[in-house]
Amino acid sequence: MGIKQVRALTTTLPSVTWIPLARAHSERADQMTAGHRARRATGDKHAIEDFLYDYYGTRPSLLRRWHPGVGTGLSPAPDGLAEHAGWKFYMTYEGGVVTLDQDAFMHARAESVRYIHGLLTATASRPVFSGCFGLHEWAMVYRDAEHRHELPLRLGQEGTDQVVEQHSIRCTHFDAFRFFTPEAVGLNRLQPTRATQVDLDQPGCLHAAMDVHKWAQKLGPAVPGALALDCFALAGEIRLLDMQASPYDLTSYGHPPVKIETAEGKAEYVARQRELARRAAGLRSRLIRVCEALLGPEAAAQNREAVAPFNQR
């Protein structure tokens, strides 16, 4: 890309620093995606882990790309410019320092950045609600002979339906609610839509917590590599609990169920849910800072004000 005049950089990393960081990042990413890549080569399916790739559209080749993040420049390596110089949304300063081209990035993705910033800010403002007990997965198979996964229901269809009918369902997340069976839709105390997502997402929701990976991907090269992989790793842990607490029998994967139909199972679910929510809150906060670095102080303040009416709901 062409040479541009220097603008404010928070940090400029020498090659002796950023090259090992980039290499370690790629190695970590490869370890995290090894199982998926092996299964993809053989055509095997995985009811738990495939969600991270199929639903979120995660591409291992992109996940292993290390990015320094907003405001960080990369000094030339002994053999030339950082390879990032040839990547989309990067620019080169005089002296060969390569960094994210914030102007180009915002020209292409400003609307997305504002939305992500507003949603994450509103979500972070709310208290954790831990009374859902993962019943969204049960509502997705309620009174339906066709299931998304080729796994048995550990309580059978009748027993599964009874659990749904014996509980109050309060799912706040549209991207979980939209997969409810038609018979389960009316059982939900809320009727979330895409338009009300900023109004309803709350930090205790497993899907809202998993979505830190989604938003990290949407922000792409603006997100430092370590943060991107931390979001992906946490999403994997959350997905495991999501499925352990589901009606599916995971015996074939070696994972015990979290029996949310029992008092003991509910207690285990809530304890793990709250710990995952705590960790997701830290990642969400870091993503908010990425958005604010892209938006700038004035635009970030305006965006916060725009979502303020949704806060604490």
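**View 1. The lining of the second largest cavity holds 4 nonpolar, 1 polar and 3 charged residues.** Here Ala, Val, Leu, Ile, Met, Phe, Trp, Tyr, Cys and Pro count as nonpolar, Asp, Glu, Lys and Arg as charged, and the others, Gly among them, as polar. The model is predicted: local features need pLDDT of at least 70 and side-chain atom pairs pLDDT 80 or more, while totals for chains, interfaces and linings use all residues. Residues are numbered from 1 along each chain as its sequence is written, and side-chain values use heavy atoms, without hydrogens or water. On a 1 Å grid over the protein atoms alone, a cavity is a set of points where a 1.4 Å probe fits but cannot get out, and lining residues have an atom within 4 Å of a point. The volume of this cavity is about 40 Å³ (the space filled by probe spheres set on grid points joined across faces, edges and corners). Its lining is made by Leu119, Leu120, Thr123, Asp201, Ala208, Asp211, Trp215 and Arg284. Two or more of the lining residues come from each of α4 (102-124) and α10 (helices are DSSP runs of H or I, at least four residues, numbered from the N terminus).

**View 2. The largest cavity contains about 120 Å³ of space.** Of its 14 lining residues, Cys132, His136, Arg170, Cys171 and Thr172 are the closest to the centre. Helices α5 (135-139) and α10 are the elements that each give two or more residues to this lining. By class, the lining divides into 8 nonpolar, 5 polar and 1 charged. The count of cavities of 30 Å³ or more comes to 2.

**View 3. The largest pocket holds about 500 Å³.** A pocket is an open set of points with protein on both sides within 12 Å along at least five of seven lines. There are 18 lining residues, and those closest to the centre are Leu62, His67, Gln217, Gly220 and Pro221. Both α3 (60-63) and α10 (206-219) supply two or more residues. Helix α10 gives the most, with 3 residues. The lining has 8 nonpolar, 6 polar and 4 charged residues.

**View 4. The second largest pocket has a volume of about 400 Å³.** It is lined by 19 residues, with His46, Ala47, Asp50, Arg148 and His149 closest to its centre. The elements with two or more residues in this lining are α2 (50-54) and α11. Helix α2 provides the largest share, 3 residues. By class, 7 residues of this lining are nonpolar, 3 polar and 9 charged.

**View 5. Helix α11 runs from residue 225 to 244.** Its 20 residues reach 29 Å from first C-alpha to last, close to the expected 28 Å (1.5 Å times one less than the number of residues). Of these 20 residues, 14 are buried, so α11 is largely enclosed by the rest of the structure. Buried means under 20% relative accessible area (1.4 Å probe, protein chains only), exposed over 50%, and partly exposed in between.

**View 6. Aspartate 175 lies in helix α7 (residues 174-177).** Aspartate 175 counts as buried because its relative accessibility is 2%. Its side chain makes a polar contact of 2.7 Å with the side chain of arginine 178, and another of 2.7 Å with that of arginine 194. A polar contact is a pair of N or O atoms within 3.5 Å; within protein, one must be able to donate a hydrogen and the other to accept it, and residues adjacent in sequence count only if both atoms are side-chain atoms. Leaving out residues up to four places away in sequence, aspartate 175 touches Tyr55, Arg194, Gln197 and Lys214 (contact means heavy atoms within 4.5 Å).
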